[in-house]
Amino acid sequence: VAGNGGGGGDDGGGGGGVEGTQSTEQMKEDEQFPLLFEGSSFYHTSPIVHDVEGDGIADAILGDYDGNLHLVGLDFESSKEIHGHHHHSRRRRNYRRISVPRLYVRKLWYEYAINRTSEEEIMSNTTAEGNKTKWEEFEPYHTYFAGAGDDGWRGKMDEEALRAVSGDVLNMDVDLAKGLAERRKMSQKKRATMPESDEKEEGGEGEGGEGSARRRRLEEANDDEAGDADRTNEHTADDGAGVDADEGEGTAYFQDDYLFDEEPGLYDDGFGAPPDGTEDADGTPNWGDDAIPLEERDETTEGDFGDDAYGGGMHDDYYPGGYHGDDYYRPEAPEGWDSHEEYQEAQDRYFHDSNYLRLPPHLLSTCSLAELPRQYAGPNAKAEDRVDELLLCAVSYYFDEDECRNPDSRRAGAGKSFGKHANADGGDETEVQRGRYVANAVMGYNLRWKYWSVQEVLDLSTDWSAPLGDLVEGGTASVHSDAFSGMGAWALATPVVVKLDGGERNHIIVGTSMGLVYAIEAQWHSSKTGWPVQMRHPVEQKALVEDVVGNTNLEVFAVDAGGDVVSLDADGGVLWARNLLRNEETMMESKSRDIQVVRGTSPMSMGDVEGTGRLAIVLLARIATTDKQHIGLPDKYREVSEYRLYAIDAVTGDDLPHFPIGLEGGSNGVSASTMPQPLLIDLHEDQHHWLDQMHGLSEEKIEAIRAINTEASRQYDVSESSKPRPHGGSGRGLHVVQPLGSTLHIIEGSTSCEQTVDVGDTIPSMVQADDVHGTGGLDLVVTTSRGEILTLESDVVPYHPLNVWSAGVSRAPGSGNAQAHGFSSSQGIFVHPISRQFRDVLGIYIPITFEIFDRRPGIENEPNRKAYEVEVRAGMSVKRVFFSHKYDAPGVYTERIQIPYGPGYYAFSVRLMTTHGIVYEDTFHLGWNVNYMGGLWLIVCLPLILAAIPILMFKRKPNWEEDEDYGSRGAGILGREPPP
């Protein structure tokens, strides 16, 4: 982009620019793009742009269908010409692949759920007459996750696939094309010489055998405490855990030290034990209690280095009740057992790996990025040491029929088999068996320490679309009907992280296809009191969070696939609940044969549609007219579909005036997954009233705005007025930009005036809005299913940082949990135009003027909630924070900031974090001392010029009388005449 005004960059956002300037641009794809990812599908997810490494280079975080996370660097160096040849001295592209671990699920869990007697028969204690085990001690629905190194099951084909390499063979130069061809040749050669893989996996967690349940359960705890992926890989089944891991080598690793790793100089038991591996002055090794030679008795001290007696009583402190020595401690037998050994042996058999089936992961929704405060971090620690960057994903676990290796694939009609997964566990040989295992979980990957720190299983179910087999009377059954409204343990919604009650704990809000809305404490992995909340249909869309009631706690808004919308308070209580359809449209008792049902909705948006200061929820719904007898069988009856746009008052749950609005342009082929989220944006020419509303609206002003909207709703008559209608309409509030098919519907929310634009191709995603061309106006960015990107420019709609939507389904790259439109949100921050104008700043400090606003209804009653943490970053990473301050009141502030990274162009992110963990962000671009050499010549030359000016201006007049040669009669300077 050339000309005045700031442009958008990889970080998202854009500069304001100067209105009226002209710009020219050339859109050309770089020679290294598009990037190639063989065997990966990104249909269900969207990329996240973030600076993962903290080096100032933006990275793309991609999640594919097969449960892989790809972290790809987006910046690189262009080619350079050396000695007449082009050499590509590019930076090393940052690329990292993270595999979501598989989930272990107990075989035949569904039989125990149906017939509890079967479980009791299996778990009966045959060694003790008449004694039965306690149901709670043997979990029929027990699940656990595989270790971090569990990726060998994907096979060699997956390892040799090309990823994050340039795939543009038409535009790349000769060197890149040769490199791509060589990599392909090497990959194909390795595949051709690869021996046939055995059905049994290698290098995984083990297929059963002699592995004990004690070792497996200890690995579960170790996964939560591991430092990084490499260390976790070292502690797999080969390393083991507990006393019987390395008995053959004569060394015992005790559980308290294995679970709680220690750093050099730290004492794990706190009784003065020296660091492990050191020696005393006389050379005696300090084994500590991490590794000691095996011994029969632990109480002796004669050369045995007993961990309880050696060194003055180094007690384990692992067992409660005053038992410090793990060698002589013998727990009592549980109730119903003759001895603890018999009880432990029964548990080992019950929790053996052979009783579990490993489910492959799938990502069916976009992950979210959250920064959670690190526990025990000091107030004086660096910004990057006070938080943990977590990549939160809602993972679905199930067997995909196209990916499973079918032993009967040669039989006709056996279906496709791509051979991605080997049958190593048994119990999943047929489609009937595979259809009984569906689960979902919330997974959180720590980007700094590189391990899965959050692993929480949510639901477990069967696949309602799979054959039932022998689960029903009569033996084999056909495909199940939609008796449960398509419910199952799938995770299709993106997680949201907030502090619901404004306390110290962060909560992960996520909905599942079981109709459950969860609020899980991120640090402690437990459900918040009052949660989860059950809904009647699958919850497939992201939840919204905002303070609309006025008690300074957040409300959660959720919608299910059946059109039920609910508002929940911080404790899971229902504030209001409704269905999108009216009662007369859904009454089953009516004489009419047809009935209307909701067949899915789009994601929800939130904003002040009317401009009166009240937030509204806007969404698109597909309404189907069907036969009463075929409500649960949409594929058995030809339905007639229509699409309605709803705007619901977030406080009361009522429809706004003029809504719902029927939209044309859709077809029966548009599913819930292809209904884009509506964009809320102000396309009016005059937007000054929004800045006045940031400080609140009185009842008089609200009534005046409603009168303006009523007058603007009247039919406009050109003959009655000589003035043209204002751009965007005469009402207040926001516009709704809703794609449907190939039509773009632009609706003024306060008057329902509509304008349509047909782009000639299906619009599958949400429309974006920003100052793309740097002209100071607002542009709409539209993408089509054929890969085209269109921009709809506006010369009269002014740009404002609160009136943008530029990060996919989020308003800004770093504001994943701030879902309300910028002008409408209860809190926010934005940089004033005087600071965001694109320019090159010369000097040591950069002045930045920003404004914090807070119009929460009840904030005046709770002054302790007036805490606003502001950070300024050179990019998006927490590692590049160079200004941080906490303010106790909203208002306009100016800070002088120094950049520690040297001259260059920067995308500055000004972030505000509220007491509820919601992040608001504004991004602008500046240059800092980029042309400092341009002023250096002044420093060097200016003193010389100033000194030379008096010399050049002084002119001496000749005086012949004072000349010594005057009157010498040609004697010369030596006083004598020159020789002849």
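The following questions and answers look at charged side chains in a predicted model.

Residues are numbered from 1 along each chain as its sequence is written, and side-chain values use heavy atoms, with hydrogens and water left out. Because this is a predicted model, local features need pLDDT of at least 70 and side-chain atom pairs count only at pLDDT 80 or more, while totals for chains, interfaces and linings use all residues.

Student: How many salt bridges does the structure hold?

Tutor: Side chains of opposite charge can pair when their charged atoms come close. A salt bridge is counted when a side-chain nitrogen of Lys or Arg lies within 4 Å of a carboxyl oxygen of Asp or Glu. The number of salt bridges in the structure is 23.

Student: Which residue meets Lys528 in a salt bridge, and how many residues apart in sequence are the parts that the pair ties together?

Tutor: The side chain of Lys528 meets that of Asp501, at 4.0 Å from N to O. Lys528 lies in the loop between β23 (516–521) and β24 (533–534), and Asp501 in the loop between β21 (496–498) and β22 (507–511), so the parts tied together are apart in sequence by 27 residues. Strands here are DSSP runs of E with at least two residues, and helices are runs of H or I with at least four, numbered from the N terminus.

Student: Where does Asp922, the salt-bridge partner of Arg836, lie?

Tutor: The closest N and O atoms of Arg836 and Asp922 are 2.8 Å apart. The pair links distant parts of the chain, 86 residues apart, with Arg836 in helix α15 (residues 833–836) and Asp922 in strand β48 (residues 919–928). Arg836 is buried at 3% relative accessibility, and Asp922 is buried at 5%. The place asked for, that of Asp922, is strand β48.

Student: Which residue has its backbone oxygen 3.4 Å from a polar atom of the side chain of Arg811?

Tutor: Arg811 is placed in the loop between β40 (789–792) and β41 (827–831), and at 3% relative accessibility Arg811 counts as buried. Leaving aside neighbours within four places in sequence, Arg811 is in contact (heavy atoms within 4.5 Å) with residues including Trp805, His821 and Tyr920. The backbone oxygen at 3.4 Å belongs to Ala820.

How values were computed:
Buried means under 20% relative accessible area, exposed over 50%, partly exposed in between (1.4 Å probe, protein chains only). A polar contact is a pair of N or O atoms within 3.5 Å; within protein, one must be able to donate a hydrogen and the other to accept it, and residues adjacent in sequence count only if both atoms are side-chain atoms.
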